[in-house]
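Me: Hey, I'm new to this one and would like a quick tour. Can we go through it together?

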Amino acid sequence: MPQPYYNVSNKMLFISKQTWSFLFILFILAFFTTLLHYSHHTNTPAHKSSHFYLDSFLSSATNYTLATYLRHLTLHPHLAGTLPSLHTALYVKSHFQSLNLQTHVTNYTVLLSYPLFSSVTLHFPNGSVLSLTLSEPGLSSTGVVKPYHAYSPSGSVYGKPVFLNYGREMDYIALGVHGVKVKGCVGIVRRGGRLSRNEVVEKAAARGVTAVLMFTDSEFAGGVERGTVMSGVGDPLSPGWGGVENGEKLRLDDPIVMQKFPSIHSLPISMISAETILKSLEGAEMPYEWRKSMRCSTSGRVGPGPIMLNFTYEGERKMATVQNVFAVIRGSEEPDRFVLLGNHRDAWTYGAVDPNSGTAALLDIARRYALLIRLGWNPRRTIILCSWDAEEFGMIGSTEWVEQNLLTLGSKSVAYLNVDCAVQGPGFFPSTTPQFDDLLTEITKKVNDPDSEGMTLYERWTAANRGIRIQRLTAVDSDFAPFLHHAGVPSVDLYYGKDFPVYHTAFDSYNWMVNFGDPFFQRHVAVTGVWGLLALRLAEDPILPFNYLPYAAELQDYNRILTDLLEGSNISLHPITAATQQLAAAAKQTLEEAKKLKEDEATDEHTVLKRRILNDQLMFAERGFLDEEGLQGRPWFKHMVYGPRNDGESELDFFPGLANAISRSSGLKSGEHNAETQHEIWRIARAIQRAAHTLKGIVLSVLRMQVYGPRNDGENELDFFPGLANAISRSSGLKSGEHNASIQHEIWRIARAIQRAAHALKCELT
Ligand SMILES: [Zn+2]
């Protein structure tokens, strides 16, 4: 039995064999009818309209192909860096190849992390000892990885357990009020409260907690939520550049690498195990606010102790090869403009929801696009289907690729459309950067709602939310992060359903999907429809379907929220107000220009060029929001409007640099705080202004000099490679080991810069 799952025998199989054959015959009939229908069209030499292909895309939807792909992908657990994971890469690759799509695989050798041994024993005051079960029921022989936190340091601790609620700042304050001392204790934390695992562990470590056990307060009490505790994204050994083979790799003991991993041990446990600990706690009473929201039963006290916990975790960090798989449909008129669709393939366990519901959708889009190609379709712009690896460890596959291709992607990408957990239940939950709002809304009117007969997705979605509800991409929780937060590519992330109970557990299996997530795969069909149509429009529309007015409106909303928040301070929001007005004016002007060009059907060189220029403005405007310096303390994150806040508890989920400055300001003197906050406001204003200027056609330079530039030491012999010249100058005062490292690093930076120039000359993606 490949899947250790609860009993499903009393449930009907969702499609019987007869139904399969029936559907298969229907499909064959439909296919030939369509072919006959189209062959009539192909007699006319004129180019078929985009509408024809959009309609053909919609009419080629099937639920059984999606179900078949998902079944294949979830036959075995396929954790990144393992053999079964390589098999899923080959499955995706051969699927693309069987459709005659141009296919390639990009490998990276990166640092991953796996568990070797873990144990938690409870020592009761009466002398009795109890070992907790740390794995999930039925796991022993299935190849599912034991529950663990990737990159947690190895080691043992012995101490009293203390309940920390979500591990937020305010939780420690509440404990402090009750006189609870957490130093030297083992923290028990429930997941939630908007903090990442890394943030929870780091906050606990800062208070002297020696280890953390995390559980999910869930209806699936036996499941254990695996996850990464690394901070940031990408291969820890190649921060900021592509981790290619024979490229630069930092050492494991490099301080830059070390600071990505927590300093204390952590492990996920089931709610059943957490209950055993929490029921034995004495000490201060648990705050009422915590108790009333807990599913898990407890003694009503937070400890510490009196029981003692003995906790051991041993893991290994090792280099592993990860595979990104691509299919490319080359554009006919603008091959150097890319529309990217991406989804990760690696999973903690079987990954039926996370992420292979999305992979099934990606494979089905490939099938349907291949069908369009057979009908004569050739998109205007290039479409790239991307299947990422090692997302679960920290968006590693996508980040390495974006870093390696930064220049090409930055200058040629129209949009990045991400789908991770495509289907986890009912309800449509899209997130986008705001220039997509109109397009997305329009497309939901073309797709049938999966849960109500005769309704469009749009009708059901807007009824459920009393209007259009689109989230923004502030969290760093899937592969859009490198594209948007690092490269400034307009991005989308689509979900059906939310907060599924088997998240990152061994129960995220095909059976769960068939019994709970999407029994008839109609939700899969809906997501696939929206995703595929978005890409088709972006690849086909002569004028890119972006509208920046909703972006300006969104920024105005943010400004209003800030006005309330900063009331009474001497901080001026005027720079943001003024820049937003500029953006709104530019957006309006662009819309008018687009309208004129859409009406103009001329195909002369001049009109074609005018369209291309306008499209460039629409495409590059998002890059304006990037700031070269990035967020303070996290310079890799360059987007000034969307990105991670240092303090996950901050109320503001936009303008991350400003949110961080406001969080930090509480500990500073009043003069200082205003200066820093005001500086962040100016940086945001300049970013919005850059976006406005780009929309109006003033193109930005995003390149930095690596070959020519000033040396710090004017007497230096070298009047080229300034960074290297400076490193050599500095090296005289250093010990020999250090000096070599810094010079070698500068040599790598120059090599990567020359490589970027070479790639740009060839207009090449790896
Ligand atoms: Zn995922």
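Predicted model: local features only at pLDDT ≥ 70, side-chain atom pairs only at ≥ 80, totals over all residues.

Me: How many helices and strands does the protein chain have?

Reply: The protein chain has 24 helices and 15 strands. Both are DSSP runs numbered from the N terminus: helices are H or I with at least four residues, strands are E with at least two.

Me: And what share of the residues counts as buried?

Reply: Of the 766 residues in the protein chain, 47% are buried. Buried means that 20 or more other C-beta atoms lie within 10 Å of a residue's own; 12 or fewer makes it exposed, anything in between is partly exposed, and the C-beta atoms are placed from the backbone.

Me: Let's pick a helix. Which residues of helix 4 are buried?

Reply: Ser 85, Thr 88, Ala 89, Val 92, His 95 and Phe 96. Looking down the axis of helix 4, these buried residues fall within an arc of 125°, so they line one face of the helix. The arc is taken from the directions from the helix axis to the C-beta atoms. On the other side, Leu 83, Leu 90, Ser 94, Gln 97 and Ser 98 are exposed.

Me: What do the buried ones pack against?

Reply: The buried residues of helix 4 pack against helix 3 (63-73), strand 1 (102-123), strand 10 (308-329), helix 10 (356-374) and strand 12 (381-388). A contact here is two C-beta atoms, placed from the backbone, within 7 Å.

Me: OK, new topic. Where's the largest nonpolar core, and which residues have the most contacts inside it?

Reply: The largest nonpolar core has 189 residues, and Trp 531, Leu 534 and Leu 583 have the most contacts inside it. Its largest share, 11 residues, comes from helix 17 (residues 522-540). Such a core is a set of buried Ala, Val, Leu, Ile, Met, Phe, Trp, Tyr and Cys residues joined through C-beta atoms within 7 Å. In soluble globular proteins, nonpolar side chains tend to be buried together.

Me: What is Leu 534 in contact with?

Reply: Leaving aside neighbours within four places in sequence, Leu 534 is in contact with Leu 417, Leu 439, Leu 440, Ile 443 and Val 492.

Me: Now strand 13: enclosed or open?

Reply: Largely enclosed by the rest of the structure, because 11 of the 11 residues of strand 13 (residues 413-423) are buried. Strand 13 pairs with strand 11 (residues 334-344) in the parallel sense over five bridges, with Tyr 416 as the bridge partner of Leu 340. Strand 13 also pairs with strand 15 (residues 491-496), again parallel over five bridges, and there Val 419 stands opposite Leu 494. Pairing requires DSSP to find at least two bridges between two strands.

Me: What about Tyr 496, buried or exposed?

Reply: Tyr 496, found in strand 15, is buried, with 29 other C-beta atoms within 10 Å. Not counting residues up to four places away in sequence, Tyr 496 touches several residues, including Ala 422, Phe 428 and Arg 523.

Me: Last one: what is the strand order in the open sheet of four strands?

Reply: The order is 5-6-7-9, with parallel pairing. Strand 5 and strand 9 (265-268) stand at the edges with a single partner strand each, so one side of each is left without a neighbour in the sheet.

Notes. Residues numbered from 1 in each chain as written.
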